[in-house]
Amino acid sequence: MNDVTEGPKATRTLNMVQAIGAALMQAMEGDDRVVVLGEDVGKFGGVFRATLGLYERFGESRVIDTPLSEAGIIGTAIGMALYGLRPVAEIQFADFVYPGFDQIVSELAKYRYRSGGHFTCPVLVRMPYGGGIRGGLYHSQSPEAYFAHTAGLVVAIPSNPHDAKGMLLAALKHDDPVILLEPKRIYRASRGEVPDAPYEVPLGKAAVVRPGRDLTIVAYGAMVSVALDAAATLESEHGRSAEVIDVRTLVPLDLETLAASVNRTGRAVVVHEAPRTCGYGAELVASLQETCFWRLEAPLERVTGLDTPFPHTLEHYYLPDTPRVVSAALRALTA
Amino acid sequence: MSSVSPAESSSVDSAGIHPVVAGAAPGLYRVLADGPGETGGVLAGREVPSDETLLRLYRAMALVRAVDERMITLQRQGRISFYGAATGQEAAVIGSGLALEATDWVVPALREGGIALLRGLSLSDYVNQLFGNGSDIEKGRQMPCHYGHRDVRYVTLSSCIANQLFHAVGISLAARLRGDDTIAVGYMGDGATSEGDFHVAMEFAARLRAPVLLFCQNNQWAISTGVRGQTLAATMAQKAHGYGMDGYRVDGNDVLAVHALTSHVVAEIRRTGRPAFVEALTYRVGAHSTSDDPSRYRDESITERWKERDPLRRLRPLLEARGLWDDARDAAFISDVAERLKAEVQRAEADAPPSIDSLFDDVYAAVPPHLVAQREALRGSTAHLKASSH
């Protein structure tokens, strides 16, 4: 049973997928331009149950079970947005987005620019992503760098239920296309207090989720809780104080918040589960180097997934974990 | 939605093993006679539209012809970077374009710029886009012929092939959801029918019952690849059958046929809320673009035969027989268009390029911090470029 509080600031304890579902329900209630489309999102409520109850509530014209094509889902959503709707396109797993990648990169990201602002398509594309669920090569990958590399897209990744609801509602008020990558590993594991009333977590703002003095750990998605565990270990076992920053929006990046922290601590570890080469961490490290070089006390560290395809049996070797983040932090602290 | 699955709806075939027989290849709908010595004739039983419509169709086609000829020259002179003409295809362009309501949406491919003009895009906006100057509503971001304007519901195209067909599907679904009696038309060439997006767009249109017209200008060439290099299907129209959609086939050089058929199909789409597919059979008598030389890969004697079926040439005798057009009126029309084009080109060419700052506009609704930083950095490092720009 969920914990419920009453009153105008009422909250309840939800997991991330419930928070996303609650956000979709409120968005569709509040704005009849919001439609949801994707594979199995209607009668079934989505393979992760994020769209549960929407079909019954809003019917098949606003909750659309599409044929099985990512290009079709995203392309059709683009057309709907051109006409003035606010479509939410669900890609069942981020690993399967590639047939729709052309629609995202060539069309969704570029309509506003190529038309001089005459045509815009504020589509919200939701995609469960990331490893740690024994999903093997094709149910585990982290493709955020592909999208972050494309001008015109907002790329956002929540790390907890509160932010997931608030970022989703913010995305549906935003006039740009938003790629919302949802860390499915913590869809159910991440639970927290979520306000009942609609609210927005602004896109483009990072969050300092644990203040600290000696070192900055930068993470997003499921890696935020790994970073927080590492910070706790650094404090309890090594007496060092780590600040943890949840990037939340990769594009546009809140470099100001990151740089303020690193300029103060002089040391940083960047954590993500995507492969290392040209991973988003490379951009973070380069930007921090440009912004904070004269205050750095140690080389910037990266803890990332491997430059291999994503494995099945040995995924726990592939994924960054707390001991690895602690080791990188200690290297940075003793350099 | 039907609750009967395809398996349940099929009866057992007792005749043994044989392939599925699809609907027969549809015949070509035609209004204007096309045989030797028949030019200007109207086939028995076919209706001819009003004088006003006849003139409108002819003038719009003649405008496209004149604009294309002028722009190809400008490209050869190095004054614009590219041009994709609709020469020989004006009937498919204008005949279908005029069958739409102002409230309908056009999602074009490369050769439908004439529809933008037909729907009210000003010649100034058209020419500014070709020059990519400071007055270009696209701010000089796209190659020529990538027009678009919200006021005339002509969606700005990308250069990608078949990508746009989904957008027509989505627009039409959104219009229905909003309760608007609006359809969308997605245009494509024959080459586009080989792209995955074509097939999925057909599937989505049919399955989601989108009030959309998917219109193929089969000009039989995708750069150097002939239509038989794309498909072994006898016609494009019969492909629609496989998706559970009605497919039509029309003589794409007969503007009265294209106009009549498209008007009929559009009315059916509005009435039933179901999609349809139209193949307009025509021929690219010119090059793919100004970067192409067709004599390297095709028999131009066939092209000559298609030039005899020129859409303007086929319609004009009918107009002359009705006293609607003659050499004097033709000369006056041509010289008027030439004058207007001359003035527009002179003005557009003299216009300043877009501002450097405009590079950073419209990437997002608001310029984000990293682009503010890049804009500042670029402002400080452009001195060596200014002399060479335009």
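A crossing of two helices is called right-handed if the near helix is turned clockwise from the far one by less than a right angle, and left-handed if anticlockwise. The model discussed here is predicted.

Q: Why is α1(A) called roughly parallel to α7(A)?
A: Helix α1 (residues 16-30) of chain A and helix α7 (residues 161-173) of chain A pack at an angle of about 30 degrees, and their axes are 8 Å apart. Angles under 35 degrees count as roughly parallel, so α1(A) is roughly parallel to α7(A).

Q: Which residues make the contact of α1(A) and α7(A)?
A: From α1(A) come Met16(A), Ala19(A), Ile20(A), Ala22(A), Ala23(A) and Ala27(A), while α7(A) gives Pro161(A), Ala164(A), Lys165(A), Leu168(A), Leu169(A) and Leu172(A). By class, the contact of α1(A) with α7(A) has eleven nonpolar residues, no polar ones and one charged.

Q: Why are α2(B) and α12(B) called oblique to each other?
A: Helix α2 (residues 51-76) of chain B packs against helix α12 (residues 327-350) of chain B at an angle of about 45 degrees, with the axes 10 Å apart. Angles under 35 degrees count as roughly parallel, over 145 as roughly antiparallel, and 65 to 115 as roughly perpendicular. The angle of about 45 degrees falls in the rest, and therefore α2(B) and α12(B) are oblique to each other. Their crossing is right-handed.

Q: What residues meet where α2(B) packs on α12(B)?
A: Among them are Arg59(B), Leu63(B) and Arg70(B) in α2(B), and Phe333(B), Val337(B) and Leu341(B) in α12(B). The contact of α2(B) with α12(B) divides into eleven nonpolar, no polar and two charged residues.

Q: How do you know that the span of α2(B) agrees with its number of residues?
A: The expected span is 1.5 Å times one less than the number of residues. For the 26 residues of α2(B) this should come to 38 Å, and the end C-alpha atoms are 38 Å apart, so the two agree. Just after α2(B), Gly78(B) has a positive phi of about 75 degrees.

Q: Why are α3(A) and α7(B) called roughly perpendicular to each other?
A: α3(A) and helix α7 (residues 196-207) of chain B pack at an angle of about 70 degrees, with their axes 9 Å apart. The range for roughly perpendicular is 65 to 115 degrees, and therefore α3(A) and α7(B) are roughly perpendicular to each other. In this packing, Ala71(A), Gly72(A), Gly75(A) and Thr76(A) of α3(A) meet Gly196(B), Asp197(B), Val200(B), Glu203(B) and Phe204(B) of α7(B). These residues divide into three nonpolar, four polar and two charged.

Q: How many residues does each chain give to the contact between chain A and chain B, and what does α3(A) supply?
A: Chain A gives 39 residues and chain B gives 37 residues. On the side of chain A that touches chain B, α3 (70-83), α4 (101-108) and α5 (111-114) each supply at least two residues. α3(A) gives the most, with ten residues. The side of chain A that touches chain B has 16 nonpolar, 16 polar and seven charged residues.

Q: How do you know that domain 1 and domain 2 of chain A are in contact?
A: Residues are in contact if their C-beta atoms, placed from the backbone, lie within 7 Å. By that test 24 residues of domain 1 of chain A are in contact with 24 residues of domain 2 of chain A. The domain assignment gives domain 1 as 11-195 and domain 2 as 207-334, and their C-alpha centres lie 26 Å apart.

Key: Residues are numbered from 1 along each chain as its sequence is written. Chains are lettered from A and ligands numbered from 1 in the order in which they are written. This is a predicted model: local features need pLDDT of at least 70, side-chain atom pairs count only at pLDDT 80 or more; totals for chains, interfaces and linings use all residues. Axes are lines fitted to C-alpha atoms, for helices over the stretch in contact, and angles run from 0 to 180 degrees between N-to-C directions. Helices (H or I, at least four residues) and strands (E, at least two) are DSSP runs, numbered from the N terminus. Two residues are in contact if their C-beta atoms, placed from the backbone, lie within 7 Å. Ala, Val, Leu, Ile, Met, Phe, Trp, Tyr, Cys and Pro count as nonpolar, Asp, Glu, Lys and Arg as charged, and the others, Gly among them, as polar. Domain bounds come from an automatic or database domain assignment.
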